[in-house]
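Subject: Structure for your files

Hello,

Here is the structure you were expecting. Please look at it before reading my notes.

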Amino acid sequence: MRVREWHPPGHTRCPGYVRGKAGVVVRVDGTYSVPDVEAHGSARRYEPTYSVRFDAAGLWRDGQRGVSVHVDLWDSYLEG
Amino acid sequence: MSEGRHHQASVSPVEQRVAALEALLTERGLVPEGFVEEITRRYESEIGPMNGAKVVARAWADPKYRERLLAEGTAAIAELGFGGAEGDHMVVVENTAAVHNVIVCTLCSCYPWPVLGLPPAWYKDPPYRARMVREPRALLAEMGCQLPGDVEIRVWDSSAEVRYLVLPQRPPGTDGLDVAEDEPSRSGSPSRGTGRRSSPKMGARLIGT
């Protein structure tokens, strides 16, 4: 699973530091309103969210082994 | 000195703005009369890290509760009467001799209010938020939490709807204590430190710092 490499012009809750990075889903959470849609008007879109695990070595050039960062992401932030 | 007294007596621009905002919200019926005072009172006296400490103490004393807490955090925490805004979807992560968990919100300041209260200022500071995902081992050490090099670090960035609570390791030598005696508030004190304790503040410990 990989985080989409995108830079939407408006609001998002997809942290920049994981965009384009590969991770592993470790937990499936509930379905929640997508902030990117909600922030811009009365429309709502609901999607599942996941906790995705990234090894520090895959996020940073000098990322230490034995360190992982888990980021909670909406379904449309992910691809493949 | 006279200037100091002057400042105390006058109302600052931010206080004026807050008062105006509250008056407007009340006038337009968006919040009931006394609502803001009630919320303030609640967060000052009833909601704070003492609630999280009760959850942790119960988990240390009751293995079945610990299992429920790790499997279904929100429901297990509700058993003790805690829940609500910013605590509707709780996940509890457990520290062990081999794994240390720590919580951050890189995008803003998401925090499990019902069990820990409102976030401390340092939790909202950009340097904490940036460095905890970039170099957690170094930052934890600077905050007083020295971890052996072979301890795995799991950082949890609460970037969506889940809020996290860390279940610290039970300090050695506390097996005989009952729940009330064994809350992390006390066991986190220097006289009964765990060696993984970084701060006398309970809330800090329950997010893993």
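The notes below cover the conventions, chain A and the largest pocket.

This is a predicted model, in which local features need pLDDT of at least 70 and side-chain atom pairs count only at pLDDT 80 or more, while totals for chains, interfaces and linings use all residues. Residues are numbered from 1 along each chain as its sequence is written, chains are lettered from A and ligands numbered from 1 in the order in which they are written, and side-chain values use heavy atoms, with hydrogens and water left out.

Chain A has two helices and five strands (DSSP runs numbered from the N terminus: helices H or I, at least four residues; strands E, at least two). Their order from the N terminus is β-β-α-β-α-β-β. Of the 80 residues in chain A, 48% are buried (under 20% relative accessible area; exposed is over 50%, partly exposed in between; 1.4 Å probe, protein chains only). A:Val28 lies in strand S2 (residues 24-33) of chain A and is exposed, at a relative accessible area of 59%.

The largest pocket holds about 160 Å³ of space (a pocket is an open set of points on a 1 Å grid over the protein atoms alone, where a 1.4 Å probe fits, with protein on both sides within 12 Å along at least five of seven lines; lining residues have an atom within 4 Å of a point; the volume is the space filled by probe spheres set on the points, which are joined across faces, edges and corners). Its lining includes A:Arg27, B:Glu72 and B:His89. S1(B) gives the most to this lining, with three residues.

Regards
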